[in-house]
Amino acid sequence: MNPLPRILTSTVLCGLVLAAVPATVSAQELAPEKASAASFIAQHGDGWRVVREPVSGNPSLVYGSRFSLPVAPRAPVAFEAAARQVVDENAELFGFASDNLALRQVKFLNLSRIGSSDKVAVTFDQVVDSIPVFNGSVSILFDRMSGDVLALDSTGVAFAATADPYPTSSEGQALAAAQAAYQGQFGVAAARVDATDFAIVGPSASFGAKNPLTAMGPTLAYVFELSNPGLFTADGVPAQARVIVSAEGDLTVFQVAPTAFAAITGNVKGNVNIGQEPNTTTNQEQPAMLALRVRQNNASGAILATTDANGDYSINQTGPLTLFFELKGPYARSMNAAGAEASFTLSNVTGSGNDVLFNPTKAEQPTAEVAGFYWVNRFRDWVVAVDPTDNTMDFQVVANVNSGSMTCNAYYDGSSINFMLSGGGCMNSAYSDVVLHEEGHWANEQYNGSVTGAFHEGNADAYAYFINDDYCLDHLTGSGCMRSALQTSIKKCPTDGDESCHGGEVHDEGQALASALWAVRARLNTTHGGATGDAIANALFSAWMNTYNDGQILNVIQDHWLVLDDDNGNLGDLTPNFTDITGGFGAYNWPAYPDLAVSFVSKPATNAQVGHLHPVSVVANITSILGTVTGASVYYTTGVSFTPVAMAPTGTPNQWGGLIPGVASPNSVRWYLTATSSVGGSITVPSLAPTYPEIYHAGQLVMLQSFDFEGASDQGWTHVNLSGTYGDQWQRANPANSNEGTDPTAAYSGTAVWGTDLSASGTDGKYEPSCSGELRSPTFNLSTSSTVRLQFRRWLAVEEAIYDQAAIYVNSTQVYVNPSSGHTIDSAWVLYDQNISAQAGGNPSVQIKYRLTSDGGLEFGGWNIDDFKLYRVDAAPSGYFAQYGSGCAGTGGLIPSLSGTGTPAPLSNVSINITNGKPNAFGILLLGVSQVSAPLPGGCTLLVGGLIGGGFPLTLNGSGALSLAGQLPASATAGDVYWQHFIADAGSGNGEYSATNGLHMHIQ
């Protein structure tokens, strides 16, 4: 054994040093500093915020302030170079460097005209070894005048370069899997393979939280475009899809995504006028046909002229000439599926007055041809009117009109937009709103690439609303709105990334986005007046589409609009149109812009043990972006009612501190924090407090039973069917297997939990209707414990108890049931802790039962439980060791452990023991005077505060262990010290270091 360092006394706390070992190594020197989100903020100052992608958890947007570069860029090539420099300096933040990026565009955003500041967006596509990364892009936003960096945005796949670029399954094998998935989607086999490509894919909201990619990480995949020409879905769109299949041998199908999108199904009509409503023979005007090519002689003749915005053309010849006109130009081509395309020929033309009028009869089919051509050009004309430098839609859009394959429909199929003849109670679908919506689909993909169905539909609606400056998409029957931007029943789903909370139909779900964007526009109109408000809304919409790769209905969309509206690179003083933007999005359930933020400097760790009457300090950084922090309090209790303790500024900017008074042991202390701001903001941490607060213990925690549900066996846990055919759906499995969005994507610890239908051998991840089942613990002998507490981590999703009941029983006594009113839908692991002494204390036969009983209606994910504990708290010994907090794993997945033996008191023998470390590894033993819980780069947590010295270097033995033993000196003063050991370990999860739990030593 190594000798224990001497303990030196002070008037309050004791310090610890290692004799003859210089304490010069800091915790940061244990592992090289990484460019994490925290270090980015530390480097560039306060005001920066980080938005994380809801599935991968990787930073997707860093914004809120600004920083300067050594040399301010001016020209486009300089902005590209500067953007690459920013990416490289933050490669660890996003998981890739600029050598994996191909320039898409350097876009100058003229936003000073709406009261903001001019900006430059440099956008890259992510590419690894010439293989594109699916939906992967990076955008760096600069201030145009100063060249300062304003925001970093990424939809890229972190560590995509780690994916094996060589497939281990053949194209034929992958295609067979894709064909099977296509048939599962459409009910028939694909008749044609339209395209085959490779891509690297990774976890993201575009694939969903339950996708296998969440566990697999970056993966090489085949991307197939499959179709069955002539076959249409129930929604009336071509049966074509993009199917993404793993190329790494397992043939996992990651996604089957339809690539044709319907605008309208049901009773809608159309014809040619310049208003929104479907065409009739009595509502048609004669608008100019702009951007129409005039050819010589025939359709293949030389282009002599292209009409201007007034429909005028001029040919610098005297003639005579034969001129040919058809509805075809550089940006639009109208094709008649019911016969020959409309065209005119003028022979022997000279001089002026050579006019052509398409569709003189106002009949349905030629009217549809003109409508297709006119509204496609109107779409492109709006794009360039908002931003004359935007050439995204400068290509020929093909509009196929007068299709007789069905009625009451229109669709976009990736290469054309398509419109139906009248019939089935509907007018011809080639009219303004429908054409604009369908071209909106095309624009979505031009700007953003791969987007989801709900975003596809919602943003296509938004294009129609904005271009026509009207909230109503007219119905094909000619009366009423098919969809209205003023609707209030469909709002953004509460869970970010979920696009199915209103039933999942994409047109319905998309209304949340379309209505939110229109609400922003309407508020801007109220504030600034119609013309100015429209100009601001249009400019922000255009800049958003040009800058950010949004393809799902996510919270970050609101942040993107705020970043673009910002006029000084500091969201701390808000933006010119902050209230209108957040008000519009907020009306449709986008979360309120976070006014208050809390980060703890020190706090008691979960299940921490403190001494008899030992006060506990809580210190936190609390900031308000919209106002000032007006107060903060810590609430604590050992019973039912919470007692507030006012926190006060510590003198450090934004820092507040409070002291929870010591309580007599044995006791369990539950606590939480609240804060308020001058603008009415408030925050509670943890968010479900006071119902589910944090907990620590005054005294010595004695574990009676503990299960983490890992390992090969169920360890005596059983489950039974109480009623119904499928009452028993309890499974011990990885919750990532579940197909249900209200289930967790990972266990609280390890990989296994007990849950209801985790789809390991179940069906859809939901509990079943009209049944009841129960999970039962082993029977425990608790006859020697008069007090017993039940604790576990809970992720519960259940309908309100008037319909479905999630209950806990101790033997036959119910001790918990979900609330009668309001569904219980946990969105994170919740700490559940309850005193069950009345039912279990002194009882030689105790069984804990988790029951779920359902009616015949709505179902969710049900119970998920992890880290089950039965424990008691004994009186604090005069001197003791207590472990607290959690370490992080090293080589082989082992978590190093730090423990102490003996009774710390003057002249007593004690030892501090390290086990489960990496053999022969160097490390740093930290010593401090307080407990903290501070996240570190790499995913570990610092558990020691108020460090004494810089840390003590130690090297473990060949078994990865070490003991420090010795006698405390007679001068040791009563008090508390805290320890944690960090180990250099390249085989750890972060590739750099592992760490032990914390160890509290209370000296008598």
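**Disulfides of the predicted model**

Cys472 is buried, its relative accessible area being 8%. In this predicted model, Cys472 has a bonded partner, Cys481, and the S to S distance of their disulfide is 2.0 Å. The torsion about the S-S bond of Cys472 and Cys481 is -125°, and the link is left-handed.

A disulfide is a covalent bond between the sulfur atoms of two cysteines. The structure holds four of these bonds. Counting the bonded cysteines along the chain gives the pattern 1-2, 3-4, 5-6, 7-8.

A further disulfide is found between Cys408 and Cys426, with an S to S distance of 2.1 Å. The torsion about this S-S bond is about 105°, so the disulfide of Cys408 and Cys426 is right-handed. Cys408 sits in the loop between strand S20 (397-403) and strand S21 (409-412), while Cys426 sits in the loop between strand S22 (417-420) and helix H7 (432-448); the pair therefore ties together parts that are 18 residues apart in sequence. Cys408 and Cys426 are both buried.

Cys493 and Cys501 also form a disulfide, and 2.1 Å separates their sulfur atoms. Here the torsion about the S-S bond is -95°, and the link of Cys493 and Cys501 is left-handed.

Elsewhere in the chain, Cys771 is buried, with a relative accessible area of 5%.

Notes. Residues numbered from 1 in each chain as written. Predicted model: local features only at pLDDT ≥ 70, side-chain atom pairs only at ≥ 80, totals over all residues. Heavy atoms only, no water. Disulfide = S-S within 2.5 Å. Helix = DSSP H or I, 4+ residues; strand = E, 2+ residues; numbered from the N terminus. Buried < 20%, exposed > 50% of the residue type's maximum accessible area, 1.4 Å probe, protein only.
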